[in-house]
Each structure stands twice: as C-alpha cells, then as structure tokens.
Amino acid sequence: MPRPRAGLGTTSGADNKSSRTRARILDAAAKLLDRHGYAGTRLTEIAELASVQAPALYYYFPSRDALVEQVVLSGQQTIIDHLVDLLAALPAELTPIDRLQEAVAAHLRIVLETSDFSSAAMRNAVQLPEPIRAKLVEGLQTYSDLWRELVEACAEAGQLAPGLDTGLARMFVLGALNWAPQWFDPDRGPVDDVIDTVQRFVVHALTRGVPDDLRAAVTAQAPAGLDAR
C-alpha cells in the first residue's frame, strides 16, 4: 500500500540533488523493508526503486545495515513524536480511557496508513542485527513509558477492571498494536474499520472482558489461514 514519506525532514527548494537522492534512497528502503522485511530487502531493489545505480548507494551509506538503521531509527522517532504531539493536543476534559483510545488510533494510523518508515520499524524490530536493535532500545523505552502513563492513568481513574496488572495490560496493548503491520491487508477492509475494532477490543478487554461480537470482528480482520480465536 503506497504511503507518503514520514519520519524524515522534508526537502526544500534549496536542497541540492544529493540530498534529494538520499531521501529517495531512504524512501525506497522503507517501502521495501515494510514489504519484504530485513532478510528479503536487497540493495539492488532499493537502487532500482530509487532510480539510482546500485554502486551509488555506497556514496550515501557505507553499508546496507547503515541504511536500514537510518530507516528504522527515523520510523521509530516519527511514531514517538506523533504520539507525544497527539496527547499534548487532546482536550483536557477527555477521560484517561478516551486518551488511550486516541493513542490506539494514532499508532495504527501511522503504521498502517501514513508512514512506511514507522511500519518498517515495527515489522522488522525482531529481525534486525543486534547492533541495530541496541540503538532502538532507548526509543522503545520512551514509547513504552508513554503507554505506561496512559494505562496507569486509567487505573487511577478507576476505569480498568479491578485487580488488573497494569504492566501486563500495557504489554498486551503494545503487542497487539505492534503486530498489526504483520497481518493488515487493505483489501480486507479500510484502516478505519481496523481502528474501530481494535479500540473497542482493547477497551473491553481492559475493563470488562472481550464480548463475542468483537471476537467475530477480529476474526474477520485476520489474514487467510490464521485462526484468530
């Protein structure tokens, strides 16, 4: 699914040809990483998509992993910044559970619809070599902390089920959101339907269990061959 570039600074009219070429290379790498994963992404394919000769890639990046690292770090920072900005802009009167629902929508929107960079970062996190994963740790902790605050605020407001472990609840929510790029297929329904289903599923699961109609909705979104029960 084509997405506009996100996670990088935009190029202005004053930018030279070299900076525009570098941006095209990063765009191409993000798209292919999102589509094929770390193991399936080839420099020759990146070069072809970016409309450059393959040897020219080494003028901009010393290695394949250096290029991949730039893509996933950029994508990770984009989703962090997006959530921080969204939460800051929400009306003060929103309840904690409403804020959590808005965060769910923001995460899914950016990884499924807006940013190849952020989707690539989510999809490839466990496939990346250890040196790249190590550079993602700080960002992962920052993002996890944002969600910790959201879930704990719900608990403090009495909006979560009594006795619910907020740490496990946070990991449940993040695990579900981070897995979405792995199975989402736009041909099976629009992003808005996914967002609505996941928001409802998360809220019901955290507050009073998962009703049967939501189980059916999740099953409908599951890719062919996957048992979503």
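**Reading the model**

Tutor: The largest cavity is lined by Val72, Gln76, Ala121, Met122, Ala125, Leu136 and Leu140. This is a predicted model, in which local features need pLDDT of at least 70, side-chain atom pairs count only at pLDDT 80 or more, and totals for chains, interfaces and linings use all residues. Residues are numbered from 1 along each chain as its sequence is written, and side-chain values use heavy atoms, with hydrogens and water left out.

Student: What is a cavity, and what is a pocket?

Tutor: On a 1 Å grid over the protein atoms alone, a cavity is a set of points where a 1.4 Å probe fits but cannot get out; a pocket is an open set with protein on both sides within 12 Å along at least five of seven lines; lining residues have an atom within 4 Å of a point. Grid points are joined across faces, edges and corners, and a volume is the space filled by probe spheres set on the points. By this rule there are two cavities of 30 Å³ or more, and the largest cavity holds about 50 Å³ of space. Helices H4, H6 and H7 each give two or more residues to the lining of the largest cavity.

Student: How much space lies in the second largest pocket, and which element gives the largest share of its lining?

Tutor: The second largest pocket holds about 400 Å³. Of its 17 lining residues, Met122, Ala125, Leu140, Leu174 and Asn178 are the closest to its centre. H8 supplies the largest share of this lining, six residues.

Student: How are the elements defined, and how many helices and strands does the chain have?

Tutor: Helices (H or I, at least four residues) and strands (E, at least two) are DSSP runs, numbered from the N terminus. This chain has ten helices and zero strands.

Student: Which residues have the most contacts inside the largest nonpolar core?

Tutor: A nonpolar core is a set of buried Ala, Val, Leu, Ile, Met, Phe, Trp, Tyr and Cys residues joined through side-chain atoms within 4.5 Å. Buried means under 20% relative accessible area, exposed over 50%, and partly exposed in between (1.4 Å probe, protein chains only). The largest core has 36 residues, and those with the most contacts inside it are Leu100, Leu108, Leu112, Tyr143 and Trp147. H5 gives the most to this core, nine residues. Apart from it lies another core of 26 residues, among them Ile25, Leu67, Val72 and Leu136.

Student: Where does Arg109 lie, and how far is it from Val191 in space?

Tutor: Arg109 lies in helix H5 and is partly exposed, at 29% relative accessibility. Arg109 and Val191 are 82 residues apart in sequence and 7.1 Å apart in space, C-alpha to C-alpha.
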